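Hi,

Here is the model I promised to pass on. Could you load it and keep it open while you read my notes?

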Amino acid sequence: MIDPRFSEAELDQCREHITSFIREQIAAANADGAVLGLSGGIDSTLTGHLAVDALGADNLHALVLPATVSGDENMSDAERVARELDITYDVIEIEPLIDSLLTAYPEAKGDREAVGNARARVRAVLNYLVANHENRLVLGTGNRSEAAVGYFTKYGDGAVDCHPIGNLYKAQVRQLARHVGVPEDLASKTATAELWTDQTDEDELGISYETLDSILVTHIDGPLSVAATCRELDVTPETVDRVREMYERSEHKRRAPPSPDPLT
């Protein structure tokens with residue numbers, strides 16, 4: 001596999017680059033701070049640490065938004081992160097809102113994907129409700145690996161004002177998290193979007209993050225052909241093709257909604 005991790009010097013540069021980016025985004029919007037959804041996972045935990053570095057604890061408001069499918073451990077970790085960062089946070093149960101949606105449209109009951117995506121979109125609505133009320137920006141927690149294969153909910157966790165860690169592969173997220181002082185049990189924690197019970201990222205993707213990162217670095221973002229990628233990484237063409245297919249099929253998630261060309 002390819003190791004995309006930074007050198008020690010690059011880690012310091014990356015940290016400063018991201019914290020400067022956050023400050024610039026807040027200043028450009030003339031905002032009073034940021035709102036961040038904390039899930040207890042590594043992406044939101046790292047983003048929280050970097051946001052506090054950039055803005056100070058007083059200027060970050062966290063939301064912990066559990067659903068019935070959320071693990072108690074993850075929600076405890078989310079609150080633990082907020083307390084350790086000494087930031088203001090609110091816990092808001094989202095399942096009553098999901099129940100209201102399904103009462104309004106009961107045909108969707110039992111549709112795991114539709115209801116799971118609705119949970120992500122309800123969280124986005126709450127993030128923006130607080131952000132608009134407090135004149136803040138919503139910080140995203142998406143990383144480069146997941147964005148490349150569309151592993152996020154359109155207008156859900158993808159509905160944000162900026163993505164501070166959006167150019168970091170998953171391995172780099174974990175590495176930078178350790179560098180900024182995130183405890184090891186959180187830095188190495190199994191990733192899950194918790195859109196439904198017992199869901200994990202790697203199970204749903206059908207590939208490990210190590211393999212995904214390597215294929216992205218060498219083939220999707222890099223110059224190697226499928227054959228060269230297979231030789232370099234010792235993976236099958238089917239695995240590379242699967243990542244390429246996910247990348248191409250999710251292109252619409254990474255672009256603004258299309259419109260027809262103007263009449264000439």
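Predicted model: local features only at pLDDT ≥ 70, side-chain atom pairs only at ≥ 80, totals over all residues.

Residues are numbered from 1 along each chain as its sequence is written, and side-chain values use heavy atoms, with hydrogens and water left out.

**The sheet**

An open sheet is built from four strands in the order β3-β2-β1-β4, with parallel pairing. Strands (E, at least two residues) and helices (H or I, at least four) are DSSP runs, numbered from the N terminus, and two strands pair if DSSP finds at least two bridges between them. The edges are β3 (88-91) and β4 (137-139); each has a single partner strand, so one side of each is left without a neighbour in the sheet. From one strand to the next, the twist averages 25°. β1 (residues 34-37) is joined to β4 by three bridges, and A34 has L137 as its bridge partner in β4. Helix α2 lies across β1, β2 (60-64) and β4, at about 165° to β1; axes are lines fitted to C-alpha atoms, for helices over the stretch in contact, and angles run from 0 to 180 degrees between N-to-C directions.

**Helix α7 and the cores**

Why do I call α7 (residues 170-179) largely enclosed by the rest of the structure? Seven of its 10 residues are buried, where buried means under 20% relative accessible area, exposed over 50%, and partly exposed in between (1.4 Å probe, protein chains only). What covers those residues includes α1 (8-28), α2 (42-55) and α10 (209-220).

One of the buried residues of α7 is L176. Leaving aside neighbours within four places in sequence, L176 is in contact (heavy atoms within 4.5 Å) with residues including L11, I18, L46 and L50.

The largest nonpolar core has 37 residues, and L38, L46 and L176 have the most contacts inside it. Such a core is a set of buried Ala, Val, Leu, Ile, Met, Phe, Trp, Tyr and Cys residues joined through side-chain atoms within 4.5 Å. α2 gives the most to this core, with seven residues. A second, separate core of 18 residues includes V149, Y169, V235 and V243.

N30 counts as exposed, at 63% relative accessibility.

Best wishes
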